[in-house]
Amino acid sequence: MRPPWHFSRENANLYTRPEAGLVRCIWCARFEGIDNVPQIFHRSFNTLSKVSIVAALTSLIVLSLALYVVGWSPYVTQEKLARVQPVQFSHAHHVGQLGIDCRYCHTSVETTPFAGVPPTKVCMNCHQEIWVGASALEPVRASYRTGAPIAWERVHNLAQFVYFDHSIHVSKGVGCVECHGRVDEMPFTYQDKPLLMGWCLDCHRNPKPHLRPRDEVVNMTWQPSGNRAELADELYKQYHIRSTEELTSCSTCHR
Ligand code: HEC
Ligand code: HEC
Ligand code: HEC
Ligand code: HEC
Ligand code: HEC
């Protein structure tokens, strides 16, 4: 049956029945279920809308995944990022080539929570005689003259609410290299590990494979001779390493 409604050519939005003096907008007409109202949207719109909903959901998932990944990324954790320092001090040079012991400069690493950065006096022990005129060392000499410490940019910076202690790790035979990487190969000092909670916990759950003899803690290239597992067991007992429960308890690091 042919419906009495006509599609208005003058106004594409209107649907009319002039003989009865009736005018409907196309959308209302469709809504009211009037027969044979032309499709406002092409039939392919149905498929299109489904596709776009799926696409929107997918991009939402991809986006949140990306945010999650970025949250753990070196960009956020500041891993492998060199700082601009007032003096271009190179560990590669001083440790790798000259073989200076970490503890010569980071004197408090074995006895206090902080490793500390050396005072200018320590640099001048050598640089009063070596490279005396070098412009690269001018900030060091200026600091020595004026007594104002060199303003080193911190490379590592744990959140305030985290408790960390160098001395306990060093005295239980955890080497610097476990947490700082190959400092002896760094011309610029950078953070080698993420320092995220998960990273700390990974080791605290099972520190055994990370233990070494105490006198090897600053050795960047130490390898166990003999049976590694046996040595690990032995050191684990010798150092009286606390239980996993204790080392992973929140109050160990958040106090
Ligand atoms: C000759 C002195 C000297 C020696 C030896 C030395 N360091 Fe350093 N270290 C410094 C100075 C100066 C800084 C600060 C400038 C910088 O970050 O490069 C520093 C910075 C660091 C930092 C980054 C500190 C921060 O800001 O978070 C780490 C980690 C570090 N040293 C580890 C080591 C280790 C491990 C060794 C031994 C393998 C070592 N250092 C040997 C002088 C020294
Ligand atoms: C044990 C001696 C010693 C100490 C301590 C020492 N240096 Fe040096 N430093 C050297 C020698 C040796 C050189 C290399 C000279 C050369 O290449 O001929 C050097 C080179 C440098 C250079 C030139 C750039 C480079 O690395 O080639 C800078 C900058 C420098 N030292 C900064 C420092 C600072 C800052 C400190 C203190 C945190 C310091 N040094 C402590 C021995 C020392
Ligand atoms: C168990 C992991 C771990 C070990 C082992 C370790 N460090 Fe660190 N180190 C850290 C963390 C984490 C920080 C950052 C601390 C902060 O921001 O409060 C840090 C910071 C530093 C700093 C910056 C100054 C400071 O005291 O915060 C220096 C220098 C340093 N370490 C040197 C060393 C040296 C040298 C050794 C070996 C004798 C060593 N570290 C062993 C994890 C470690
Ligand atoms: C490579 C292994 C390793 C990593 C990484 C590590 N730790 Fe530890 N941590 C140990 C060992 C081993 C002990 C000593 C356990 C014991 O005393 O029995 C320890 C002990 C501690 C203690 C106990 C100190 C005390 O006096 O009670 C604290 C706090 C601590 N770690 C914090 C941290 C934090 C924070 C991080 C991460 C930034 C971290 N640790 C990363 C191995 C590690
Ligand atoms: C071995 C040390 C360690 C232990 C044990 C530990 N945390 Fe953490 N926690 C950290 C470190 C390091 C950070 C800082 C991470 C950062 O800077 O992103 C942190 C951060 C956090 C944060 C801040 C959010 C975040 O992820 O950055 C919360 C909340 C937290 N810890 C809760 C806990 C609770 C609850 C427990 C016990 C189940 C616990 N932690 C045990 C080391 C530890």
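This is a predicted model: local features need pLDDT of at least 70, side-chain atom pairs count only at pLDDT 80 or more; totals for chains, interfaces and linings use all residues.
Select the 13 residues around ligand 5. The nearest are Val162, Met197, Cys200, Cys250 and Cys253.

Now colour the helices. Two of them, helix H10 (197-205) and helix H13 (250-253), each supply at least two residues of the shell around ligand 5. Which helix gives the most to this shell? Helix H10 does, with 4 residues.

Colour the shell around ligand 5 by class next. You will find 9 nonpolar and 4 polar residues. Charged residues are absent from this shell.

Next stop: ligand 1. Select the 23 residues around ligand 1. Cys102, Cys105, Val155, His156 and Thr189 come nearest. Which elements give two or more residues to the shell around ligand 1? They are helix H4 (91-97), helix H5 (102-105) and helix H9 (176-180).

Switch to residue classes again. The shell around ligand 1 holds 14 nonpolar residues, 7 polar ones and 2 charged ones.

Last stop: Ser135. Look in the loop between helix H6 (120-127) and helix H7 (138-146). Is Ser135 buried or exposed? Count its C-beta neighbours inside 10 Å: there are 8. A residue with 12 or fewer counts as exposed, so Ser135 is exposed.

Along the sequence, Ser135 and Val87 are 48 residues apart. In space, their C-alpha atoms are 10.0 Å apart. Draw a distance line between those two C-alpha atoms to see this on screen.

Notes:
Residues are numbered from 1 along each chain as its sequence is written. Chains are lettered from A and ligands numbered from 1 in the order in which they are written. A residue is near a molecule or strand if its C-beta atom, placed from the backbone, lies within 6 Å of it. Ala, Val, Leu, Ile, Met, Phe, Trp, Tyr, Cys and Pro count as nonpolar, Asp, Glu, Lys and Arg as charged, and the others, Gly among them, as polar. A residue is buried if 20 or more other C-beta atoms lie within 10 Å of its own, exposed if 12 or fewer, and partly exposed in between; C-beta atoms are placed from the backbone.
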